[in-house]
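Hello,

Here is the structure I promised to pass on to you. Have a look at it first, and then read on for what turned up in it.

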Amino acid sequence: MPRRLPRVGPGLPACLVLLAAACLFSPLSQACGVSRYGPHDPVVELQPDTLQSLFFSRSAWVVQFYARWSAASAAFAPTWRALAQDIKDWRPTLKLGVIDCGKMCNEKMCSDFEVTTYPTVKFLKPSSTYAGDGIKLEEIKDDPQSLREAIITFAESHLTSWWSPDAPLLAPLSTTEFVDSIQGRKVALIFEGEDSFLGREVILDMAQYENIVVRRVLKSNAELVTRCKVTTFPSGFLYSSKGSCTPIPLANNSRSFYTDFLRTLPGVQREIIDTSKPPIAETKATPDSWEVADRTQLCMADLEYVVLCSLHRTEERLANFTEERLSALKQYVHILAKYFPERSAVHNYLHKLEVWQESNLSINISREEWIEALKAAKEGLNASFPETPECVGCQGNIPGFESYLCSLRIIFHLLAVQEALKSDGANPSSEVFPAAREFMTNFYFYSPAAKRFASLPAEFITEVKDQDEAIFQLWSTFTGAESKDDEIPRTLWPSQDLCPSCSEIVNEKIMWKKAAVLNFLKKHFSMDNIS
């Protein structure tokens, strides 16, 4: 049932109640939100508080970096989920993890791992110490078997540098090794060609089982082939302590037949490892839902949080600043200082930040210098600023929008409308529209809106000189009419209940009315509509 917002004292603005509720139930404060992967998927959902599981681990890790808004990630999810089920018994030798780069709380992790496309798959060897140890799988297969084989190939090619000493041996059994270490033990030998994956897959499938050794033998090993009288490949044999080879009676040479047979041999038993859930338990909290107090108004406290959050995320997203990103950042701070509501305490903060950047922002600026500048701008102001602001701008506001994208949509729309109202036609060209494009494509380049901005020709941006047209084009790029090139379906806004005159249904399609949309945007993002 929806949770109704209580009134916290007489006269408290409704939006502040919403803000308080958003802080309370925000995914950022509760395990960073809900995952695309469920509790029954044998993958570990990695977040800032569980990231250390990757490092100094006795296991090798294969981690998928995805984004919830990405169509490619959505298409790949069934493959990854099927792979996880298929190789769940390879733990603890090898574990699968996932990191959702579409969550704001994971942005720094994804930046540290240098992830820029989705999905990305990286391998980490046992005892890895930092994100730089991750090795990218250059070609991601789109079916579980091909991906499983790619993992095995990668693991074996890096065998000496990253396979754990107590992990099962994937390398072919040599005659010398057979004489020195295999005789006298219960052994299953799988004879196969060099390109076959059967033996290595069965070896990993049996990784959790004790009192048996499984090894692969290449058909080129004439001595062992002769000793066991192997005539067909692949073939399986049990080698007894008395030195005899007995063929494994199987209906066919499939992987499942081998593992099922070997697991039922007398004395063979599973180690005590819980495979019913991922090795690292995670609390997946689903925020309660609540009824929005008043969606027709903007909240100043919410807007202030969004600004602080967007500036904070610039230093968290990037390890260094390029000249292009510095220019985008400078434009963003400039339009914030110029058009953000003056009655806000954040306005003075933005003014101090712009003064600092005019004298200090250069190509040589470091991430640490930018962090210090953000802190210094807060000093001496009669206002309280959180060290790490939580971006709650759209929690509970518009279903389907990630908070970062929705929050930036609000800010840029507000700035564009204020620009038009302040100039009153005296200077029709827009600063906000090109600044929004540069900021989104440089700092939120993974988002759908950034991709839509990037697809706009440069001449189109410069040709939008009318500020009303800039407001409309900004709306269209963020949340307007759908395009066949959209990577994910847009949550269209404003809805019919907010603006009945903005759209109509024609032949089962939404048709937007430009004049009505523009009129709504100017009223919705006016100073009079900020409580």
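A residue is called buried here when its relative accessible area is under 20%. With that cut-off, strand E9 is mostly covered, as 4 of its 5 residues are buried.

The mean pLDDT of the protein is 75, and 73% of its residues reach 70 or more. Among the elements, helix H7 (residues 198-205) has the highest mean pLDDT, 93, while helix H1 (residues 14-25) has the lowest, 37. The pLDDT is also below 50 over residues 387-393, a stretch that has 28 contacts in the model beyond near neighbours in sequence. Over residues 395-402 the pLDDT is again below 50, and there the model has 23 such contacts. Where pLDDT is low, the predicted coordinates should not be read in detail.

Now the overall picture. The protein contains 19 helices and 13 strands. Of its 531 residues, 51% are buried. If you take the contacts between residues at least 6 apart in sequence, 74% of them join residues at least 24 apart.

Next, the sheet that includes the strands E1 to E5. These 5 strands form an open sheet in the order E1-E3-E2-E4-E5, with mixed pairing. Strand E1 (44-45) and strand E5 (135-136) stand at the edges with a single partner strand each, so one side of each has no neighbour in the sheet. The partner of E1 is strand E3 (residues 94-100), and the two pair in the parallel sense over 2 bridges.

Where does H2 bend? The bend, of about 35 degrees, is at Ala77, and a proline, Pro78, follows within four residues. Ala77 is also one of the buried residues of H2, along with Ser73, Phe76, Thr79, Trp80, Leu83 and Ala84. What covers these buried residues includes the strands E2 (60-66), E3 and E4 (120-124), together with helix H4 (144-157). An α-helix has 3.6 residues a turn, so residues three or four places apart point the same way.

Back to E9, as promised. Strand E6 (residues 187-192) pairs with E9 in the antiparallel sense over 5 bridges. Within that pairing, Ala188 has Leu238 of E9 as its bridge partner. E9 also pairs with E10, again in the antiparallel sense, over 3 bridges. Here the bridge partner of Tyr239 is Cys245 in E10.

Cys245 leads on to the disulfides. How many of them does a search of the whole structure find? There are 3. In one, Cys228 and Cys245 are joined, with their sulfur atoms 2.0 Å apart. This pair links distant parts of the chain, 17 residues apart: Cys228 is in the loop between helix H8 (222-227) and strand E9 (235-239), and Cys245 is in strand E10 (residues 245-247). Cys228 has 6% relative accessibility, so it counts as buried.

Another disulfide is formed by Cys101 and Cys110, whose sulfur atoms are 2.0 Å apart. The torsion about their S-S bond is about -95 degrees, so this disulfide is left-handed. Both Cys101 and Cys110 are buried.

Cys499 and Cys502 also form a disulfide, and their sulfur atoms are 1.9 Å apart. This link is right-handed, with 80 degrees about the S-S bond. Cys499 and Cys502 are both buried.

Is Val268 buried or exposed? Its relative accessibility is 9%, so Val268 counts as buried. Leaving aside neighbours within four places in sequence, its contacts are Lys186, Met206, Tyr209, Glu210, Asn211, Ile212, Leu262 and Arg263. Of these, Met206 is 62 residues from Val268 in sequence, and the two are 9.9 Å apart in space, C-alpha to C-alpha.

Methods:
Residues are numbered from 1 along each chain as its sequence is written. This is a predicted model: local features need pLDDT of at least 70, side-chain atom pairs count only at pLDDT 80 or more; totals for chains, interfaces and linings use all residues. Side-chain values use heavy atoms; hydrogens and water are left out. A disulfide is a pair of cysteine sulfur atoms within 2.5 Å. Buried means under 20% relative accessible area, exposed over 50%, partly exposed in between (1.4 Å probe, protein chains only). Two strands pair if DSSP finds at least two bridges between them. The bend at a residue is the angle between axes fitted to the seven residues ending there and the seven starting there. Contact means heavy atoms within 4.5 Å. pLDDT is the predictor's confidence in each residue, from 0 to 100.
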